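Here are some exercises to work through with the model open beside you. Try each task before you read its solution.

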Amino acid sequence: MEHTEEQITAEPSLEALKRAASRTANWRERLKAVEALRELGGETAVDLLTRLAQNDAVHQVQLAAHGALTELGVEAERPVKKTAELIKGTNKILLRIKKSLPAGHSYEAFKEKLRNMRSDVYDIYEGDKGEGFDEWLESTWSSLSGR
């Protein structure tokens, strides 16, 4: 089968997949990288998938990497969902952001500032909480002491 130029450039390089798998502030890109690595296969792909399955902060990415490893015939321990803080000092980070905003600020202003200042924290919790992210973040925001 002959590849068109568009098809060739649409296939991500191993280096591009390594970068995508390491994007701490974008769990969706890491998830896409897992799917591409699954299709690619090979030792480097297995190494990257193993790292993601064991160490990624977002459980959904860990599970996808584990599934990819299994499909590639690699035995790997199924990742366990973390129940403690995903990022050490999350409440301190959120409190600092809340205190940096004017008194009486809205939840939306807080959410936007978190997204801009700490996209890594925002992204990891958004990926972990899924549909319940806004409810969790708003509840956490309202329970923080300070302004």
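Contact here means heavy atoms within 4.5 Å. This is a predicted model, so to speak of local features we need pLDDT of at least 70, side-chain atom pairs count only at pLDDT 80 or more, and totals for chains, interfaces and linings use all residues. Residues are numbered from 1 along each chain as its sequence is written, and side-chain values use heavy atoms, with hydrogens and water left out.

**Exercise 1. A glycine in a helix**

Find out where Gly127 sits, whether Gly127 is buried or exposed, and which residues Gly127 touches.

Step 1: Gly127 belongs to helix 8. Helices are DSSP runs (H or I, at least four residues), as are strands (E, at least two), and the numbering goes from the N terminus.

Step 2: Gly127 has a relative accessible area of 4%, so it is buried. The cut-offs are under 20% relative accessible area for buried, over 50% for exposed and partly exposed in between, with a 1.4 Å probe and protein chains only.

Step 3: Skip residues up to four places away in sequence, and Gly127 touches Trp27, Val58 and Gln60.

Step 4: For a distance check, take Lys99: it is 28 residues from Gly127 in sequence and 25 Å away in space, C-alpha to C-alpha.

**Exercise 2. The helix around that glycine**

Work out how many residues of helix 8 are buried and what covers them.

Step 1: Eight of the eleven residues in helix 8 are buried, which leaves the helix mostly covered.

Step 2: The buried ones are Val121, Tyr122, Asp123, Ile124, Tyr125, Glu126, Gly127 and Asp128.

Step 3: Their cover includes helix 3 (27-40), helix 5, helix 6, helix 7 and helix 9.

**Exercise 3. Two helix pairs**

Compare how helix 2 packs on helix 4 with how helix 7 packs on helix 9.

Step 1: The axes of helix 2 (residues 14-21) and helix 4 (residues 43-55) come within 11 Å and cross at roughly 5 degrees. Axes are lines fitted to C-alpha atoms, for helices over the stretch in contact, and angles run from 0 to 180 degrees between N-to-C directions.

Step 2: Helix 2 and helix 4 are therefore roughly parallel. That label covers angles under 35 degrees; over 145 is roughly antiparallel, 65 to 115 roughly perpendicular, and the rest oblique.

Step 3: From helix 2, Leu14, Lys18 and Ala21 meet Thr44, Leu48, Arg51 and Leu52 of helix 4. By class, this contact holds four nonpolar, one polar and two charged residues. Nonpolar means Ala, Val, Leu, Ile, Met, Phe, Trp, Tyr, Cys and Pro, charged means Asp, Glu, Lys and Arg, and the others, Gly among them, are polar.

Step 4: For helix 7 and helix 9, the axes come within 10 Å and cross at roughly 105 degrees, so this pair is roughly perpendicular.

Step 5: Tyr107, Phe110, Lys111 and Leu114 of helix 7 meet Phe133, Asp134, Leu137, Glu138 and Trp141 of helix 9. That contact divides into six nonpolar, no polar and three charged residues.

**Exercise 4. Buried or exposed?**

Sort Phe110, Gln62, Leu101 and Glu43 by accessibility.

Step 1: Phe110, in helix 7 (residues 107-117), is buried because its relative accessible area is 0%. Beyond its neighbours within four places in sequence, its contacts include Leu94, Ile97, Leu101 and Trp141.

Step 2: Gln62, in helix 5 (residues 59-71), is buried as well, at 5%. Among the residues Gln62 touches, not counting those up to four places away in sequence, are Leu52, Asn55, Pro79 and Val80.

Step 3: Leu101 lies in the loop between helix 6 and helix 7 and, at 9% relative accessibility, counts as buried.

Step 4: Glu43, in helix 4, is exposed, with a relative accessible area of 64%.
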